[in-house]
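This report concerns one predicted protein model.

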Amino acid sequence: FTAAYGFQLHPRLRLETDLEWIQFSRFDQLPIQSPQPLLGLPTAIPQNWKDTVTLGLGAAWQIHPRWTLRTGYQYFQSPVPDYTFSPSIPDANQNVLTLGLAARLSPPTSLQLAYGYVFYQDRNIAQNQNPAFLGNYHIQAHLLSAAFQISF
């Protein structure tokens, strides 16, 4: 479920917000399928993910008729409980800051560039279905995006 609202605060400034609920709780287990019987091994790995809420805020400021500056903040709640945490999907609550620039080139083209930094909350996994995954996790991510658009 997603709800979003945007409003024009000024002819050159637009603000937006969104709220999203995701039913990750449907991901109870990860089935394992093999052409050969797996003697003594499980046929599914428990996941038991939780439902989550995401909140986002954004702004677009037209600094020139051809240039728009964008910024945003997003909070992502992790669905992964400590007991089923895995380094293959090292998820944690996240705070994301973004900055972007859009340029209208000669019609009908435009160029958009964006950068995002993801601050993951540190995770200390003290109990897990796989003892090899116990420990402290410090995660960060840098996101880069570029898009060239032709409208017709």
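The text below describes selected features of this model.

The model is predicted: local features need pLDDT of at least 70, side-chain atom pairs count only at pLDDT 80 or more, and totals for chains, interfaces and linings use all residues. Residues are numbered from 1 along each chain as its sequence is written, and side-chain values use heavy atoms, with hydrogens and water left out.

**Salt bridges**

The structure holds 2 salt bridges, each defined as a side-chain nitrogen of Lys or Arg within 4 Å of a carboxyl oxygen of Asp or Glu.

| Pair | N to O distance |
|---|---|
| Arg14 and Glu16 | 3.0 Å |
| Asp82 and Arg123 | 2.5 Å |

Strands are DSSP runs (E, at least two residues), numbered from the N terminus. Arg123 is buried at 10% relative accessibility, whereas Asp82 is partly exposed at 35%. Buried means under 20% relative accessible area, exposed over 50%, and partly exposed in between (1.4 Å probe, protein chains only). In the other pair, Arg14 is partly exposed at 31%, and Glu16 is partly exposed at 43%.

**Buried residues**

Pro81 lies in the loop between β6 (67–76) and β7 (94–104) and is buried, with a relative accessibility of 19%. Leaving aside residues up to four places away in sequence, Pro81 touches Gln47, Asn48, Trp49 and Arg123, where contact means heavy atoms within 4.5 Å.

Trp49 also belongs to the largest nonpolar core, together with Val80, Phe85, Ile125 and Tyr137. Such a core is a set of buried Ala, Val, Leu, Ile, Met, Phe, Trp, Tyr and Cys residues joined through side-chain atoms within 4.5 Å. Beyond its neighbours within four places in sequence, Tyr137 contacts Phe85, Pro87, Asp122, Arg123 and Ile125.

**Nonpolar surface patch**

A nonpolar patch on the surface consists of Leu105, Leu111, Leu113, Phe148, Ile150 and Phe152, with about 680 Å² of accessible area together. Nonpolar patches join Val, Leu, Ile, Met, Phe, Trp or Tyr side chains within 5 Å, from residues with over 30% relative accessible area and no salt bridge. Areas come from the Shrake-Rupley method with a 1.4 Å probe. Strands β8 (109–120) and β11 (140–150) each supply at least two of the patch residues. Leu111, in strand β8, is partly exposed at 33% relative accessibility.

Terms used
Patch = residues over 30% accessible without salt bridge, like charges linked within 9 Å, V, L, I, M, F, W, Y side chains within 5 Å. Helix = DSSP H or I, 4+ residues; strand = E, 2+ residues; numbered from the N terminus.
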